[in-house]
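The sequence and structure come first.

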Amino acid sequence: MPPRGATVAVVVSRLSDAEREGIARHLLVAARLDAPDRVPLDAVARTLGVDLAPGAPPGCAGTFEGNPLRIRYNDRGHPAQVAAVLAHELAHLAAEVAGVARPHDEEDIDGIAAALRMPRAAVLRAIRTVGWNAERLGGAFPDVEPSAVFARAARVAEGVAVFRAGAGRTIVADERLEAPPVRACERRLVAAVRATGRPAVDPSGLGAWPFVDPGDRGGIVVLGPSLAWHLAHLAESA
Ligand SMILES: [Zn+2]
């Protein structure tokens, strides 16, 4: 029991990846979409009786109102950016339907939004079809910013995506995997892309690709299955 007079902080635990998946899937099923390859977000909203009102309040990309159901969103800009805002607001609706307490954790909402735009089954199908090829995976989800596609693929298919922009390095992997360290293999691939501006692929299955998100300067993604990553690490440290 806390000492008298102490403030008890309420720690709201984040949702797990599986919970985020479930919440997104529930909304898609409610919109009568079963394992689609591409999710028509505006059709989802309409099927669910959500009024879509272009034009968000100043300083805000989008808002979600519960009564009546309405999403106001900025409909100007690159289609992928507009879709990102719409998916984010629909994810708030999905969280609401699932009974997630308010205020919603924005990282949870972004996770649910990613699962709405790129259903797990569709991502796995795409990887089976095109492999761990960033260019072709991006092509499988043309309505989504490339970086979001790579991050989603790494999370749902036990891969690794390392984003390099200037000196920055960000890793996305399955939440159960330990983040891999920078290794010679990654450095080699990134150096090759920087030198040529073209993709570079390693026999281990890892590759590096230059990419640009709409409205961004872009960077390089190192992408591949995590098993290959760890095998390559073993080989290099042997
Ligand atoms: Zn939000």
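Which residues in α5 meet which residues in α7? Arg120, Val123, Leu124 and Ile127 in α5 meet Arg152, Ala153 and Val156 in α7. This is a predicted model, in which local features need pLDDT of at least 70 and side-chain atom pairs count only at pLDDT 80 or more, while totals for chains, interfaces and linings use all residues. Residues are numbered from 1 along each chain as its sequence is written.

**Chain overview**
- The chain holds 9 helices and 8 strands, where helices (H or I, at least four residues) and strands (E, at least two) are DSSP runs numbered from the N terminus.
- Of the 238 residues, 38% are buried; buried is 20 or more other C-beta atoms within 10 Å of a residue's own, exposed is 12 or fewer, and partly exposed lies in between, with C-beta atoms placed from the backbone.
- Among contacts (C-beta atoms, placed from the backbone, within 7 Å) between residues at least 6 apart in sequence, 52% join residues at least 24 apart.

**Helices α5 and α7**
- Helix α5 (residues 120–130) packs against helix α7 (residues 146–156) at an angle of about 95°, with axes 10 Å apart; axes are lines fitted to C-alpha atoms, for helices over the stretch in contact, and angles run from 0 to 180 degrees between N-to-C directions.
- α5 is therefore roughly perpendicular to α7, a label for angles of 65 to 115 degrees.
- The residues of this contact comprise 5 nonpolar, no polar and 2 charged; Ala, Val, Leu, Ile, Met, Phe, Trp, Tyr, Cys and Pro count as nonpolar, Asp, Glu, Lys and Arg as charged, and the others, Gly among them, as polar.
- Because 11 of the 11 residues of α7 are buried, α7 is largely enclosed by the rest of the structure.
- Just after α7, Glu158 has a positive phi of about 55°.

**Largest nonpolar core**
- Leu90, Ala94, Ile112, Leu116, Phe150, Ala161 and Val221 touch the most other members of this 63-residue core, a set of buried Ala, Val, Leu, Ile, Met, Phe, Trp, Tyr and Cys residues joined through C-beta atoms within 7 Å.
- Helix α3 (residues 79–97) gives the most to this core, with 11 residues.
- Beyond its neighbours within four places in sequence, Ala161 contacts Phe150, Ala151, Ala153, Ala154, Val172, Val221 and Leu223.

**Asp143**
- Asp143 sits in the loop between α6 (134–140) and α7.
- With 17 other C-beta atoms within 10 Å, Asp143 is partly exposed.
- Asp143 and Ala80 are 63 residues apart in sequence, yet 5.0 Å apart in space, C-alpha to C-alpha.

Definitions and conventions. Contact = placed C-beta atoms within 7 Å. Parallel < 35°, antiparallel > 145°, perpendicular 65-115°, else oblique.
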